[in-house]
Amino acid sequence: AARDGLTEMARISTGTFDVTDIVQKAQSSVRGKTGFEALAALASIHGLCRVTELRQRSEQVLHTFVSHRLFGATHFSGDGRVVARRGALDFDDPAAYESALRAQMASEHGTDVDFIVRAAVWPALVVMISENRFRERDLVELAERSVIVPRGHESLVGKGLFFGYECDFASALHLLVPQLEHMVRCRLKAAGIVTTRIDEFGIEDEKGFGPLLDLSDAPVVLGESLMFELNMLFCDPVGINLRNNVAHGLL
């Protein structure tokens with residue numbers, strides 16, 4: 001029933017605006033550059049989100065639109081599953097308010113990511129592909145020089161990057177998402193943080209991406225902005241949730 005209900009939902013538009021200048025600026029940032037210089041320019045098109053600004057913007061939405069105080073909200077996955085619910089917003093209930101605020105931040109972040117990809121990353125990638133030719137070996141060598149790629153994982157990371165460069169994004173995601181999770185795990189381990197859990201029988205397992213980001217010391221190592229981006233992109237059910245969608249075959 002939930003899946004059928006998705007087909008009945010209507011898209012709400014708040015208007016359009018011209019993104020020509022943004023597209024041209026993104027394309028100019030990579031045009032005429034060669035090799036890894038062009039790749040570095042592509043990777044630098046947009047930085048991490050500013051969490052404080054995103055929080056303020058989301059709070060303004062919650063305080064401005066009365067619908068949040070009158071109605072609750074239900075969040076659906078792409079296949080129709082209910083992944084989160086909240087009741088009507090109660091400003092006197094700190095836990096409920098924080099839950100609603102996080103959901104609004106996830107919504108704002110998802111909109112930002114969609115816009116950045118369409119208006120900047122994709123147009124720049126098209127220009128870079130037209131002007132440069134990378135071999136898989138080139139990107140494996142890049143991974144070998146990286147300080148964040150764990151030893152022994154260079155081939156998989158390089159292959160994933162190459163798939164992305166070839167616009168085979170499905171293959172790129174299935175390789176790079178688990179590799180990124182392991183990069184975070186190694187970064188936390190290097191800082192002395194325990195990333196495993198031991199069950200009642202003494203069996204020790206590595207924690208998944210979400211539990212890793214829930215560790216109390218993780219923000220100290222990764223920083224607030226990167227923590228938020230990783231959660232929204234890969235782990236949070238009200239975010240883009242790539243890690244779980246890839247791991248469970250839901251894409």
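Me: What separates Arg-118 and Asp-114 in helix α6?

Reply: About one helical turn, because Arg-118 and Asp-114 are four residues apart in helix α6. A helix here is a DSSP run of H or I with at least four residues, numbered from the N terminus. This is a predicted model: local features need pLDDT of at least 70, side-chain atom pairs count only at pLDDT 80 or more, and totals for chains, interfaces and linings use all residues. Residues are numbered from 1 along each chain as its sequence is written, and side-chain values use heavy atoms, with hydrogens and water left out.

Me: Why is the contact between Arg-118 and Asp-114 called a salt bridge?

Reply: A salt bridge needs a side-chain nitrogen of Lys or Arg within 4 Å of a carboxyl oxygen of Asp or Glu. The closest N and O atoms of Arg-118 and Asp-114 are 2.9 Å apart. So the pair meets the rule. Side chains of opposite charge can pair when their charged atoms come close.

Me: Why is Arg-118 called exposed, but Asp-114 partly exposed?

Reply: Buried means under 20% relative accessible area, exposed over 50%, and partly exposed in between (1.4 Å probe, protein chains only). Arg-118 has 60%, so Arg-118 is exposed. Asp-114 has 38%, so Asp-114 is partly exposed.

Me: How many salt bridges does the rule give?

Reply: The count comes to 16. One of them joins Glu-98 and Arg-55, at 3.0 Å from N to O. That pair links distant parts of the chain: Glu-98 is in helix α6, Arg-55 in helix α4 (residues 51-64), 43 residues apart. Glu-98 is partly exposed at 35%. Arg-55 is partly exposed at 29%.

Me: What makes Asp-112 and Arg-57 a tie between parts of the chain?

Reply: Their side chains meet in a salt bridge, 3.1 Å from N to O. Asp-112 lies in helix α6 and Arg-57 in helix α4, so the pair ties together parts that are 55 residues apart in sequence. Asp-112 has a relative accessible area of 25%, so Asp-112 is partly exposed. Arg-57, at 33%, is partly exposed too.

Me: Which residues make the nonpolar surface patch?

Reply: Val-117, Trp-122, Val-126 and Phe-169 make a patch of about 350 Å². Patch residues have over 30% relative accessible area and no salt bridge; nonpolar side chains (Val, Leu, Ile, Met, Phe, Trp, Tyr) are joined within 5 Å, like charges within 9 Å. Val-117 has 41%, so Val-117 passes the area cut-off. Helix α6 (residues 94-131) gives the largest share, three residues.

Terms used. Accessible areas come from the Shrake-Rupley method with a 1.4 Å probe; for residues, only the protein chains shown count as cover. Helices (H or I, at least four residues) and strands (E, at least two) are DSSP runs, numbered from the N terminus.
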